[in-house]
Amino acid sequence: TVLVVDFGAQYAQLIARRVREARVYSEIVPSTMPVPDMLAKNPAAIILSGGPSSVYAEGAPRLDRELFEAGVPVFGMCYGFQLMATTLGGTVDNTGAREYGRTPLHVSKSGSTLFEGTPDEQSVWMSHGDACSAAPEGFAVTASTDVVPVAAFENDEKKLYGVQYHPEVMHTTHGQQVLEHFLYRGAGLTPSWTTGSVIEEQVAAIREQVGTKRAICGLSGGVDSAVAAALVQKAIGSQLTCVYVDHGLMRKGETEQVEKDFVAATGVQLKVVDAEERFLKALAGVSDPEEKRKIIGREFIRVFEQAQAEIIADAGPEVAFLVQGTLYPDVVESGGGTGTANIKSHHNVGGLPEDLEFQLIEPLRKLFKDEVRMVGQELGLPDEIVQRQPFPGPGLGIRIVGEVTKERLDLLREADAVAREELTAAGLDRDIWQCPVVLLADVRSVGVQGDGRTYGHPIVLRPVSSEDAMTADWSRLPYDVLAKISTRITNEVADVNRVVLDVTSKPPGTIEWE
Ligand code: XMP
């Protein structure tokens, strides 16, 4: 394992992903973890991330010198580089010499482990205020910029390396190469971590955890739950039962994808609950977005628990596990616990105990989203599931501005299907993060079609590009694709006489309309 020590800001996750792209397994630890605890994890190498602090700021995170004396190869980046410099006796000045953004780097390669085979001049991404003016004793200076005399250094004998810039961001042209030089040449690691090895390891771990007991998994139609279920299915086969609640708020073809394609690909035992009527009844007369979300969430839990109770009633108390598609970013962001949490599920169904305790199986806890997709692919899941864009749990229920009815849902489903078809046909699926299609059910406008006046509803297209859904920009889709979608929707979907494009970024707009 390569440990990535997180000094804050958003860099650690990106570094961990880049290490894994080099096919070496990596994990993130907080910079507050005591050095002996880090070393107890027996890391093959340690990377110190960048961070927002100045090494001179009061309360800035520090590192114990023993980290550099344990014989473990260390690579410091940005803040990690400066920390390494000051801890080992180099000089970092608060010179006011700031560098932000793309910066030319001058490399002196002779004998350098990190820079071998890379150009003498390369473009790197900088983001710092303080600057290193003298490397610690025993270190060779291997790069500089116009502003910073020491922009990279290394002590090959002690296996200590550092760069002032961010090798992990894509604007740094040779960043991945430099990182790989550290991993393979500096730390002597071999690229052996693959999704195949993840599957093997998880299958063995799940078998061991579950033994002869049984597990339940809720399928949502999304990537995470599908891949988690497929992995558990591979491990314990018929000891797993999946539950799919059809709330009637899915897009066209999605329920069939789960019922047919997913089952065909995995052979999983699936219990489908058709709860459309129940959801529609609960949503009748409700227009307020928060109210809708609450109702959908509440009904979902009730239906799921009912299904769970039926499975338990059939199978008996040996149903002890619940599968969850938790991903690594969630684990890191919630403080990186060790995953032993038990969750309680409350039951009011006759004959069952009040509280059933399940243990969690979370086979994706160590994976990033793109790795989950690769695992899904390797497990033979269809592309439509593995490459699916994000879709909210409350489904089309929060894409109808106004009351949710069966007729409106059917109409929106048609419009959404047209948009998705055309985006796919234009090869744009990978360029956009997602494209909500929204029905403004409470708005009507006048139009003309054939010889007649129409008084119909607008459909909103909301294509966005994003990294993580926290912020987003509207996607500049080609006009001809937009034209085609607009023409088809107004021609093919009854009651829709206008298609509009949402050109708001997030913030201030959210991605969804409700
Ligand atoms: P917003 O609208 O907040 O959406 O910009 C950010 C991302 O989250 C998705 N989203 C949800 N996903 N349950 C979910 O599982 C929800 O209630 C929910 N609401 C929004 C949205 O599609 C976007 O990807």
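Residues are numbered from 1 along each chain as its sequence is written. As this is a predicted model, local features need pLDDT of at least 70 and side-chain atom pairs count only at pLDDT 80 or more, while totals for chains, interfaces and linings use all residues.

## Confidence

The average pLDDT (the predictor's confidence in each residue, from 0 to 100) is 93 for the protein, and 96% of the residues score at least 70. Residues 337-353 have a pLDDT below 50, and this stretch has 26 contacts in the model beyond near neighbours in sequence. Two residues are in contact if their C-beta atoms, placed from the backbone, lie within 7 Å. Where pLDDT is low, the predicted coordinates should not be read in detail. For the model, ipTM is 0.99 and pTM is 0.87.

## Overall layout

Three domains divide the protein: domain 1 (2-186), domain 2 (195-386) and domain 3 (405-501). These bounds come from an automatic or database domain assignment. Taken over C-alpha atoms, the centres of domain 1 and domain 3 are 47 Å apart. Along the principal axes, the C-alpha atoms of the protein fill a box of roughly 80 × 65 × 40 Å.

There are 14 helices and 24 strands in the protein; helices (H or I, at least four residues) and strands (E, at least two) are DSSP runs, numbered from the N terminus. Of the 514 residues, 40% are buried. A residue is buried if 20 or more other C-beta atoms lie within 10 Å of its own, exposed if 12 or fewer, and partly exposed in between, with C-beta atoms placed from the backbone.

## Two nonpolar cores

A nonpolar core is a set of buried Ala, Val, Leu, Ile, Met, Phe, Trp, Tyr and Cys residues joined through C-beta atoms within 7 Å. The largest one has 70 residues, of which Ala-215, Cys-217, Val-227, Ala-229, Val-232 and Ala-415 touch the most other members. Helix α6 (residues 223-236) supplies the largest share of this core, 10 residues. At least three residues come from each of domain 2 (195-386) and domain 3 (405-501). Apart from this core lies another, of 60 residues, including Val-5, Ile-15, Phe-68 and Met-84.

What does Ala-229 contact, leaving aside its neighbours within four places in sequence? The partners are Cys-217, Leu-219, Cys-242, Val-268 and Val-323.

## Helix α3

Helix α3 (residues 79-87) is largely enclosed by the rest of the structure, because seven of its nine residues are buried. Those buried residues are Tyr-79, Gly-80, Phe-81, Gln-82, Leu-83, Met-84 and Ala-85. They pack against β3 (45-48), β4 (74-77), β5 (91-93), β8 (131-134) and β11 (160-163). Just after α3 comes Gly-89, with a positive phi of about 100 degrees.

Trp-433 is found in the loop between α13 (406-425) and β19 (437-440). With 18 other C-beta atoms within 10 Å, Trp-433 is partly exposed. Not counting residues up to four places away in sequence, Trp-433 touches Gln-389, Val-464, Ser-465, Ser-466 and Ala-472.

Ala-320 sits in strand β15 (residues 319-323). Ala-320 is partly exposed, with 18 other C-beta atoms within 10 Å. Residues up to four places away in sequence aside, Ala-320 touches Lys-213, Phe-358 and Gln-359.

## Backbone details

Most residues other than glycine have a negative phi, and most peptide bonds are trans. Lys-159, which is not a glycine, has a positive phi of about 60 degrees; Lys-159 lies in the loop between β10 (152-155) and β11. Asp-495 has a positive phi near 80 degrees and lies in the loop between α14 (479-492) and β24.

Lys-506 and Pro-507 are joined by a cis peptide bond, with omega about -15 degrees. The peptide bond from Pro-507 to Pro-508 is also cis, with omega near 10 degrees. Pro-507 lies in the segment after β24 (496-501).
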